[in-house]
Amino acid sequence: MRRMLEVLLEKRRKKLKKYKWLQRGRKLVFFLVFLLLFFCSPQFIDTEIMGSMEVGLSEENREKESETQVVEPEEPVSENYEVEQEVKSEKVPEVNQEVNQVTNQEVNQEVKIAYLTFDDGPTGYLTNILDILAEYEVQATFFMLEPQMRAHADVLCRMNEEGHGLGLHGVTHNREQFYASQESVLGEMNIAQATLTEITGVKTVLIRTPYGSRPYMKPAYREAVEVAGYKLWDWNVDSKDWFYRDERLVSHTFKQIDALEKKKVTPVILLHERQETVQFLPQILEYLQSKNYVLKVPDAETVSVQFN
């Protein structure tokens with residue numbers, strides 16, 4: 001009996017154990033089904049999470065798009081790429097070399113200034129002289145006598161219109177009369193000034209005394225004209241066109257200009273309104289231009305040339 005009871009109890013325990021495992025299996029299946037239904041339900045989907053996921057994806061897409069926009073497609077490399085690069089690298093030095101050559105030429109062709117002056121006019125040759133100056137597109141300065149200005153008043157207006165310098169040379173051109181005193185010197189210049197202003201409306205400060213300032217202009221005379229506002233001009237190149245009547249005046253002028261050029265001194269050239277001057281003036285102008293001289297007209301601020 002006891003043995004039978006033990007057998008029955010053992011069978012009972014096995015059935016209970018089997019039943020427990022079955023129950024556990026059912027619960028597990030039920031739990032898995034529940035999880036599957038729960039996670040697959042639309043209500044489980046979090047819209048905020050999905051939205052953030054969409055934003056993240058859109059930002060990544062924009063970054064990719066910007067990268068595709070910024071990065072341009074590379075040009076195809078030609079078969080002669082290395083040769084082309086060598087040609088490009090050789091072109092730059094050529095341009096720089098050309099610029100350097102132009103710069104050196106500009107330095108070598110330094111512009112120099114010269115002053116071309118005429119005394120004792122105006123005369124009947126003045127029109128021809130003005131025509132030549134206009135042809136070469138240059139200006140000169142004319143130191144004129146008062147009686148000659150009245151005799152050729154019509155030409156004075158043309159001189160002024162064409163930009164030439166208008167200067168005074170006194171009245172008498174007589175050494176004794178002009179240099180008699182400081183009053184005579186200043187008086188003749190004031191008379192010439194009044195006539196020039198009457199004809200042209202111009203009041204000038206440029207003066208040149210007859211035969212040059214040395215040795216006739218005494219210190220008191222110089223002081224008088226300076227106080228009156230005049231600026232005295234002499235010259236450092238004398239063409240001697242009043243003495244030479246042929247090409248010697250040209251060679252004589254060139255020789256003096258060359259000597260001053262070596263000393264880097266600005267030439268102030270003395271000429272007169274004469275027939276010989278008209279004949280040889282083009283040669284003088286062409287020579288000055290070939291030496292890179294630019295003819296200027298002095299003003300009140302220009303440093304004048306005076307005999308020591």
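**Aromatic pairs and a buried aspartate**

Phe178, Tyr179 and Tyr216 together make up one aromatic cluster. This is a predicted model, in which local features need pLDDT of at least 70, side-chain atom pairs count only at pLDDT 80 or more, and totals for chains, interfaces and linings use all residues. Residues are numbered from 1 along each chain as its sequence is written, and side-chain values use heavy atoms, with hydrogens and water left out.

Across the whole structure, the search finds 8 aromatic pairs. Rings of Phe, Tyr and Trp (its six-membered ring) pair if their centres lie within 6.5 Å; planes under 30 degrees apart count as stacked, over 60 as edge-to-face and the rest as tilted. Trp235 and Phe307 have ring centres 5.0 Å apart and planes at 85 degrees, so this pair is edge-to-face. Trp235 and Phe307 are both buried, where buried means under 20% relative accessible area, exposed over 50%, and partly exposed in between (1.4 Å probe, protein chains only).

What is the relative accessibility of Trp242? Trp242 has 44%, and therefore counts as partly exposed.

I turn now to Asp119. With 3% relative accessibility, Asp119 counts as buried. Its side chain makes a polar contact with the side chain of Arg208, at 2.9 Å. Such a contact is a pair of N or O atoms within 3.5 Å; within protein, one must be able to donate a hydrogen and the other to accept it, and residues adjacent in sequence count only if both atoms are side-chain atoms.
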